[in-house]
Amino acid sequence: MAGDSWKMGSRAPGFILGCCVLLAIAWGPVLSLVPRTQEELLEWEETEELTSPLGHMKGDEETQKHSPRQGEDLPTSRCYRCCDPGTPVYQTIPPPQINITILKGEKGDRGDRGLQGKVGKTGSTGLRGHIGPKGQKGSLGAPGDPCKKVYAAFSVGRKKDLHSNDYFQPVVFDTEFVNLYKHFNMFTGKFYCYVPGIYFFSLNVHTWNQKETYLHIMKNEEEMVILYAQVSDRSIMQSQSLMLDLREKDEVWVRLFKGERENAIFSDEFDTYITFSGYLVKPASEP
């Protein structure tokens, strides 16, 4: 038994070597036809297309087998190589064109006006422009109102003393310092208002020793203010002033009180001790 197994073990390598030789002889021509590079693969495919028209017929049959029949669902997916003869060609579908003039509607009503926006920032001052040409002479205007006297002033004095009597006496003045437009009447001793407005008046007198001094500044027949000095051993200067709102034709004058008591004012021909003055402060025509 040991001798038989040794004989079989010595023959086995020779048997395997013989089988390899037979396989190489049988498959050598077939392996030589298999392309080893990309160029050989392309040449082999071109040769197959030219020499074997049956291959196209087989390819068409396979395509028909794999194409779905009527009523059957399409296959989910199938891969193709770009170099395969049966690769389907897909046509490019252009995008749809929409005619905008057909879709355009009619013009709508005008909407409400929106809110006013915020005021923008003030811009910088621009450059000064060129001086324009001189304009034409304008037309002659309408004639104005006649010139009105809007001033009034007077200042008068008396150089004679005056004593009271049984009746009221207006103080008449004999010396004229200022009498604008002759609004003060030297014969009546009264100022007549021709320009309505606000006036200022002032009266100054000299008292008599041991006699009372009692006078009033009058507006028309109404007593406005009093100038008074009591009996004294000494004579003194006494004054009074005021402002009056006069209307046209009002009269302002000085009145000596009647002789219920001994009443007098002093003056002489050498000096003027008694004065009465007034002037317009603001005409009523001014705003």
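Residues are numbered from 1 along each chain as its sequence is written. Because the model is predicted, local features need pLDDT of at least 70 and side-chain atom pairs count only at pLDDT 80 or more, while totals for chains, interfaces and linings use all residues, and side-chain values use heavy atoms, with hydrogens and water left out.

**Overall make-up**

The secondary structure of the protein comes to 4 helices and 13 strands; helices (H or I, at least four residues) and strands (E, at least two) are DSSP runs, numbered from the N terminus. The protein has 287 residues, of which 21% count as buried. Buried means under 20% relative accessible area, exposed means over 50%, and partly exposed lies in between (1.4 Å probe, protein chains only). The accessible surface comes to about 23900 Å², and 56% of this surface belongs to carbon and sulfur atoms. Accessible areas come from the Shrake-Rupley method with a 1.4 Å probe; for residues, only the protein chains shown count as cover. Among contacts (heavy atoms within 4.5 Å) between residues at least 6 apart in sequence, 69% join residues at least 24 apart.

**Selected residues**

| Residue | Relative accessibility | Class |
|---|---|---|
| A229 | 8% | buried |
| S267 | 4% | buried |
| L246 | 1% | buried |
| Y181 | 39% | partly exposed |
| N220 | 28% | partly exposed |

L246 lies in strand β10, which covers residues 237–246. L246 counts as buried because its relative accessibility is 1%. Leaving aside neighbours within four places in sequence, L246 is in contact with F191, C193, P196, G197, Y199, F201, K219 and V252.

A229 is placed in strand β9 (residues 222–229). Beyond its neighbours within four places in sequence, A229 is in contact with T207, E212, T213 and Q238. A229 and S239 are 10 residues apart in sequence, and their C-alpha atoms are 9.9 Å apart.

S267 is found in the loop between β12 (264–265) and β13 (274–283). The side chain of S267 reaches two backbone atoms: the oxygen of R158 at 3.0 Å and the nitrogen of Y273 at 3.5 Å. With neighbours within four places in sequence left aside, the residues in contact with S267 include K159, K160, D161, T272 and I274.

Two further loop residues have a positive phi value. Y181, in the loop between β4 (175–179) and β5 (184–185), has a phi near 60°, a positive value in a residue other than glycine. N220, in the loop between β8 (213–219) and β9, also has a phi near 60°.

**The cavity**

How many cavities of 30 Å³ or more are there? The count comes to 1. A cavity is a set of points, on a 1 Å grid over the protein atoms alone, where a 1.4 Å probe fits but cannot get out, and lining residues have an atom within 4 Å of a point. Grid points are joined across faces, edges and corners, and a volume is the space filled by probe spheres set on the points. The largest cavity holds about 30 Å³ of space, and its lining is made up of E212, Y214, F257, K258, E260, R261 and N263. These lining residues divide into 2 nonpolar, 1 polar and 4 charged. Here Ala, Val, Leu, Ile, Met, Phe, Trp, Tyr, Cys and Pro count as nonpolar, Asp, Glu, Lys and Arg as charged, and the others, Gly among them, as polar.

How values were computed. On a 1 Å grid over the protein atoms alone, a cavity is a set of points where a 1.4 Å probe fits but cannot get out, and a pocket is an open set with protein on both sides within 12 Å along at least five of seven lines; lining residues have an atom within 4 Å of a point. A polar contact is a pair of N or O atoms within 3.5 Å; within protein, one must be able to donate a hydrogen and the other to accept it, and residues adjacent in sequence count only if both atoms are side-chain atoms.
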